[in-house]
Number of protein chains: 2
Amino acid sequence: MATIRDVASLAGVSRATVTRALQEPDKVSPARLSRVKEAIRVLGYRPNMLSQTFRKNQARTIVVLAPNLANPFFSKVIAGIVAAADERDFRVLVGATDGSVSKEFDFVRMVESRLADGIIQMNPFTLSERNAVLPHQHVPAVSVAGVPGTPYSCVRIDNRAAAKECILHLAASGHQKIGIVTGPTHNSNTMVRLEGVKAGLEEAGLSYNPNLVREGDFRMLSGLQATESLMQDGPDPKPTAIFCMNDEMALGAIRALHTLNLRVPEDVSIVGFDSLDFSAFFMPPLTTVEQPGYDMGVSSANILADIIEGVSAGQESHDVVLPYRFIIRQSTAPVRVD
Amino acid sequence: MATIRDVASLAGVSRATVTRALQEPDKVSPARLSRVKEAIRVLGYRPNMLSQTFRKNQARTIVVLAPNLANPFFSKVIAGIVAAADERDFRVLVGATDGSVSKEFDFVRMVESRLADGIIQMNPFTLSERNAVLPHQHVPAVSVAGVPGTPYSCVRIDNRAAAKECILHLAASGHQKIGIVTGPTHNSNTMVRLEGVKAGLEEAGLSYNPNLVREGDFRMLSGLQATESLMQDGPDPKPTAIFCMNDEMALGAIRALHTLNLRVPEDVSIVGFDSLDFSAFFMPPLTTVEQPGYDMGVSSANILADIIEGVSAGQESHDVVLPYRFIIRQSTAPVRVD
DNA sequence: CTGTTAGCGCGTTCAT
DNA sequence: ATGAACGCGCTAACAG
């Protein structure tokens with residue numbers, strides 16, 4: 001592999017001239033410039049980026065931390081991040097943490113060791129835990145799809161308002177017994193959305209009943225199981241509607257109801273959260289909250305790039321709240337009057 | 001940020017000793033070792049990986065090229081790649097190509113410029129096109145979920161046999177008119193699976209009718225549209241079964257049939273391909289070919305790492321064929337006898 | 001076992 | 001406009 005030296009000697013100039021020819025061509029005489037270009041062509045010279053990166057002490061690389069790469073909502077966000085990063089000449093490294101704190105820490109060390117310049121965190125910040133890896137000194141970071149109160153920059157929607165709107169929609173349709181399938185109890189998004197649920201119930205003049213709540217893990221199977229539990233072991237009368245804290249669990253819920261010979265939405269209404277592409281094609285199409293995942297990815301990448309490039313101080317942390325959209329499809333209907 | 005020099009001077013040793021203390025601790029006397037460790041602790045020293053990477057001239061990074069990050073099957077493969085790469089101390093860079101050849105080329109240049117060590121390509125190699133970016137001199141590469149005949153290492157399933165099995169399953173259930181929804185016509189996987197379709201039809205004593213074939217793009221909407229076209233504009237009698245070349249399109253097909261008031265599988269049987277998690281939860285659960293996406297990711301990452309590390313010559317290219325599994329669920333049934 | 005020396009490939013002075 | 005010289009942080013070769 002040809003180096004800058006080979007180019008210089010073939011062109012009969014100094015290495016500095018080659019560098020200049022590449023970076024500030026107008027500061028090089030036309031004659032030498034063309035000689036250099038020719039030499040580059042002949043040798044098939046490619047600047048060693050590893051060296052450049054080392055010399056400039058920045059990798060132009062950001063790390064995306066995802067608890068679970070299989071989650072399609074995260075895929076959407078990543079797509080946005082990759083697009084925006086590419087635009088600003090940053091590479092994107094994927095970090096699958098599987099929810100492990102030690103893995104997260106490995107990635108923080110990567111930016112400490114300069115192998116990456118910053119982190120985008122998809123796992124919501126947990127206010128209760130003391131051992132959060134982020135924020136971390138000298139580690140530019142942005143939280144995406146997180147919660148208010150995150151002690152560093154954050155791009156999100158108003159989860160509380162969105163969840164509240166879901167409940168109000170159901171209540172307006174006459175539903176009085178509303179089952180809730182949450183994410184993991186300690187998850188901040190679960191907590192915030194649950195606040196919204198309670199606010200919605202209160203505003204609708206309904207009471208919050210913990211017996212109508214089941215913990216899921218944001219995956220389909222848990223939505224299925226939670227729903228079975230709700231409809232079989234739950235208090236009577238059974239819920240006529242279920243709010244699931246993401247679409248995957250909502251699809252699992254619909255499946256469970258089908259198995260129990262209950263129709264959606266005639267017997268039970270279902271509301272999801274996230275708006276996966278699949279959800280519009282499901283039967284029935286799912287009523288859900290659309291998070292602008294791609295845009296959230298774009299926004300978070302740009303904010304992180306700003307911090308890394310020093311455009312943003314990095315001290316004052318942003319809290320960007322993007323608009324969500326509540327989409328009413330066919331999985332919800334007025335409560336049946338028997 | 002403390003450098004190795006700071007550590008050396010604080011510990012009162014040479015830089016080389018610090019390096020050794022970090023890499024071959026047993027070759028350093030216990031006394032100095034502890035002095036060095038203490039200095040590292042005090043200074044909070046982290047080796048500059050950028051420098052290491054530069055010095056060793058390898059980034060320990062692989063690039064994954066995906067035409068579309070939103071495709072859940074690719075997400076599965078990526079998850080496997082990330083897990084295996086992590087195991088072998090490689091980082092994973094995601095490259096969204098959007099099917100653009102020039103973007104692919106950018107990533108090839110990244111490995112030429114040493115910013116990455118190799119490439120995993122998810123876009124199948126196209127035999128017909130002459131301007132394929134890969135294989136490329138000095139660019140270790142592995143194709144995953146590709147086709148036989150790929151001129152570099154490849155991890156795949158036997159698409160032809162799998163597609164054939166789908167057709168034979170339908171034929172055995174009495175279906176004579178079988179609609180086909182393909183991927184993009186020029187896509188190699190489409191071509192190979194179509195071969196399997198033809199082989200299956202022939203073995204079943206059925207003829208191949210191009211009028212029963214529609215081109216899709218592997219996305220849900222195209223499956224929906226293709227199915228509408230098949231059931232409305234297609235030749236009579238209408239198909240009693242449709243084979244879709246991936247699950248997303250199959251879900252779109254089911255949706256279309258539902259809108260047309262046709263039941264699945266009573267009126268029309270549907271077979272998919274890939275086995276997404278969603279497909280088992282759909283109504284009805286989808287009969288499909290399960291590709292071991294995660295394992296394919298793991299395998300491809302290991303092969304690439306072998307090539308990069310020189311374990312494998314890189315000259316002789318592997319062609320690893322992993323087993324698929326044909327899963328019969330409830331979207332297929334014997335043809336109805338009127 | 002240890003320190004000295006010599007680069008890796010490049011960008012960046014600083015003279016000229 | 002150009003080249004010589006230095007150094008980024010680290011590892012590897014050699015001598016001791």
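Trainee: How many salt bridges does a search of the whole structure find over all chains?
Mentor: This is a predicted model, so local features need pLDDT of at least 70 and side-chain atom pairs count only at pLDDT 80 or more, while totals for chains, interfaces and linings use all residues. Residues are numbered from 1 along each chain as its sequence is written, chains are lettered from A and ligands numbered from 1 in the order in which they are written, and side-chain values use heavy atoms, leaving out hydrogens and water. Look for a side-chain nitrogen of Lys or Arg within 4 Å of a carboxyl oxygen of Asp or Glu; over all chains, the search gives 38.

Trainee: Which residue forms a salt bridge with Arg88(A)?
Mentor: Arg88(A) sits in the loop between H5 and E2 of chain A, and its partner is 221 residues away, in the loop between helix H12 (293-308) and strand E11 (319-321). (Helices, H or I with at least four residues, and strands, E with at least two, are DSSP runs numbered from the N terminus.) The closest N and O atoms are 2.9 Å apart, and the partner is Glu309(A).

Trainee: What is the area buried between chain A and chain B?
Mentor: Start with contact, meaning heavy atoms within 4.5 Å: 50 residues of chain A touch 50 residues of chain B. Buried area is the accessible area (1.4 Å probe) that two parts lose on being put together, summed over both. Carbon and sulfur atoms give 76% of it here, and the total is about 4400 Å².

Trainee: How many salt bridges does the rule find across the interface of chain A and chain B?
Mentor: Lys103(A) and Asp86(B) meet in one, at 3.5 Å from N to O. Across the whole interface, the count is four.

Trainee: Is H1(B) roughly parallel or roughly perpendicular to H2(B)?
Mentor: Helix H1 (residues 4-11) and helix H2 (residues 15-23) of chain B pack with axes 8 Å apart, at about 100°. Axes are lines fitted to C-alpha atoms, for helices over the stretch in contact, and angles run from 0 to 180 degrees between N-to-C directions. Under 35 degrees counts as roughly parallel, over 145 as roughly antiparallel, 65 to 115 as roughly perpendicular and the rest as oblique. That angle therefore makes H1(B) to H2(B) roughly perpendicular.

Trainee: Which residues in H2(B) do Ile4(B), Arg5(B), Val7(B) and Ala8(B) meet?
Mentor: Those four belong to H1(B). Their partners in H2(B) are Arg15(B), Val18(B) and Thr19(B).

Trainee: Which residue does a cis peptide bond join to Asp236(A)?
Mentor: Omega is about -5° for this bond. For chain A, the residue is Pro237(A).
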